Amino acid sequence: MHDFLSRLGIAEVNSGAAGAAGFLPTTGRVVASHDPATGEVIASVQLAGRAEYEALVADAQTAFVAWRELPAPKRGEIVRQMGEALRAHKEDLGKLVTLEVGKIHSEGLGEVQESIDIADFAVGLSRQLYGLTMHSERPNHRMYEQWHPLGLIGVITAFNFPNAVWAWNAMIAAVCGDVVMWKPSLKAPITAIATHRICHEVLARHGMGGVFTLIVGDDADVGETMINDKRVPLISATGSCRMGRRVGQAVAARLGRCLLELGGNNAIIVHHDADLDLAVRAVAFGAVGTAGQRCTTTRRLIVHEAVADALTARLVAAYEKLPVGNPLDDGTLVGPLIDDGAVAQFEHAVAAARAEGAEVLCGGARVDGPGSFVRPTIVRAARDLAIAREETFAPILYIYTYTDLADAIALQNSVDQGLSSSIFTDSFRAAERFLSAAGSDCGIANVNIGTSGAEIGGAFGGEKDTGGGREAGSDSWKAYMRRQTCTLNWGTSLPLAQGVKFDV
Ligand code: NAD
């Protein structure tokens, strides 16, 4: 086992449940987590089941009573210390992200940095959970709104951001006064265990060990139990649209709240006046970064016909030089897919594109040898491809051409998902048109910046089948709180609103 794993407290077999007092004994099946670059086992987890789930809910509910009483800036101070603890472990945790999900080392570190950034953001936010005051229509009355914590938040995370997506939710929810139970993906449980341990140590020092709990278990067992549990007023779930449909229905049936961050199918439009140097770099990072396994990955490129041949040639040349290899090695820019199931999805998509008459310009195949590696792929499409309307979690870029910007925007918007979008142009008019109400229909719309690599200061999320949720910065914190409108009468009469008379 790697040294850094022992420094993070990872054993060969780890418990999949952690409550107020730390990790609990579990009795479920043992699941191994594999390094997708080599196929080797990193470590294993003994899964938790419903009995552990009940114990964790009890711990969380007890913790909530104390946590919500703590003034928000004091909660912010504890979150600050968690950010510091993550800073101290950034190198080891970043390496673990790389080892477990295959993103290159700088991206593994970047992911932990994102968790640190959101902790810093949450600290400031802990003094800014503002409500509005309104002028009452009645004399001697004061009206205002205030925000209270919701309670226990269930956070379900996807494999591809095994550290930061939890932190986006947990750090904000914590300053809001909520407690959080984390159900990570079974494809990245070891990062979740290490991350939880680091933050739990800080909380436990303050006697608040139950504020964050962790449950690693099967979807059909603990996942379904959590989403159907009325004691969990908000489920924040990140993952595929398929998962979001199931979670959304279950939570709606009990009139709970959902925050859904689901799949994307993101496009970059490159206009005839674009700076192609910028566009090449942005498209390459957007389409190939994280081996095409980001929700914001650039999957479609819609290029003005005047620059299509030049841009395509430059991209193919850049792709052919991309270093594919072990993501822990310096110089690697493309790591593996998460597993062989993802390689099969990649192969299926390439075959489907060919069957639809598209031309594979580069890549298109698995890399021989150990690990789940594929070659970054460019597909030129003469017409709209059915396969390009689906999100294939792999580095496949479909290139289309256009002559009229309105058609390009319509093509971009024609998919079910609505997460991220970009235009490259030096034209003020084209940029503003893209950003107007008749422009991009996505939650994120960029100009001369690619579709991926968002900063935490903005609200992050997408429309349509992407689920409509917003996380991280801006006023996303409101999703984790309940709003209360308060009216105080400090006068000696009882006037009714709208002039209603009811004298008794
Ligand atoms: P997935 O849908 O297979 O799994 C996501 C999570 O949902 C996992 O923890 C899984 O165990 C859980 N889950 C599945 N069924 C469940 C159920 N019935 N009850 C409770 N939990 C259940 O997704 P994945 O393969 O891990 O991740 C890739 C997907 O996530 C892509 O579609 C990607 O676009 C999306 N994603 C979206 C965002 C975003 O912010 N919009 C961020 C990262 C990933």
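Trainee: Let's start with the rings. How many aromatic pairs are there?
Mentor: The count comes to 5 aromatic pairs in this predicted model.

Trainee: Take tryptophan 166 and tryptophan 182. Why does that pair count as stacked?
Mentor: The ring centres of tryptophan 166 and tryptophan 182 are 4.7 Å apart and the planes sit at 10 degrees, so the pair is stacked. The cut-off for stacking is planes under 30 degrees apart.

Trainee: And where do those two tryptophans sit in the chain?
Mentor: Tryptophan 166 is in helix H6, residues 164–176, and tryptophan 182 is in strand E9, residues 179–183. They are 16 residues apart, and the pair links distant parts of the chain.

Trainee: Is tryptophan 166 buried or exposed? What about tryptophan 182, buried or exposed?
Mentor: Tryptophan 166 is buried, with a relative accessible area of 1%. Tryptophan 182 is buried too, at 0%. The cut-off for buried is under 20%.

Trainee: OK, switching to arginines. Where is arginine 231?
Mentor: Arginine 231 is in the loop that runs between helix H8 (219–227) and strand E11 (234–238). Its relative accessible area is 33%, so arginine 231 is partly exposed.

Trainee: What does arginine 231 touch?
Mentor: Leaving out residues up to four places away in sequence, arginine 231 touches Tyr53, Glu54, Val57, Gln61 and Leu152.

Trainee: Now arginine 299. Which element holds it?
Mentor: Strand E14, residues 298–304, holds arginine 299. Arginine 299 is buried, with a relative accessible area of 2%.

Trainee: Which residues are in contact with arginine 299?
Mentor: Setting aside neighbours within four places in sequence, the contacts of arginine 299 include Gly264, Asn265, Asn266, Gly292 and Arg294. Also among them are Glu391, Thr392, Phe393, Ala394, Ile396, Leu397 and Tyr398.

Trainee: How far is the C-alpha of arginine 299 from that of histidine 34?
Mentor: Those C-alpha atoms are separated by 27 Å, and the two residues are 265 residues apart along the chain.

Trainee: What about enclosed space? How many cavities of 30 Å³ or more turn up?
Mentor: Searching the whole structure gives 1 cavity of 30 Å³ or more. The volume of the largest cavity is about 50 Å³.

Trainee: Which residues line the largest cavity?
Mentor: Arg299 is one of them, along with Asn265, Ile387, Ala388, Glu390, Thr392, Ile396 and Tyr398. By class, that lining has 4 nonpolar, 2 polar and 2 charged residues.

Trainee: Last topic, the second largest pocket. What's its volume?
Mentor: The second largest pocket comes to about 330 Å³. Its lining has 16 residues, and Asn446, Ile449, Gly453, Ala454 and Glu455 lie nearest the centre.

Trainee: Which elements give two or more residues to the lining of that second largest pocket?
Mentor: Helix H10 (276–288), strand E20 (444–447) and strand E21 (459–460) do. H10 gives the largest share, 3 residues.

Trainee: And the lining of the second largest pocket by class?
Mentor: There are 7 nonpolar, 8 polar and 1 charged residues in that lining.

Conventions:
Residues are numbered from 1 along each chain as its sequence is written. This is a predicted model: local features need pLDDT of at least 70, side-chain atom pairs count only at pLDDT 80 or more; totals for chains, interfaces and linings use all residues. Side-chain values use heavy atoms; hydrogens and water are left out. Rings of Phe, Tyr and Trp (its six-membered ring) pair if their centres lie within 6.5 Å; planes under 30 degrees apart count as stacked, over 60 as edge-to-face and the rest as tilted. Helices (H or I, at least four residues) and strands (E, at least two) are DSSP runs, numbered from the N terminus. Buried means under 20% relative accessible area, exposed over 50%, partly exposed in between (1.4 Å probe, protein chains only). On a 1 Å grid over the protein atoms alone, a cavity is a set of points where a 1.4 Å probe fits but cannot get out, and a pocket is an open set with protein on both sides within 12 Å along at least five of seven lines; lining residues have an atom within 4 Å of a point. Grid points are joined across faces, edges and corners, and a volume is the space filled by probe spheres set on the points. Ala, Val, Leu, Ile, Met, Phe, Trp, Tyr, Cys and Pro count as nonpolar, Asp, Glu, Lys and Arg as charged, and the others, Gly among them, as polar. Contact means heavy atoms within 4.5 Å.
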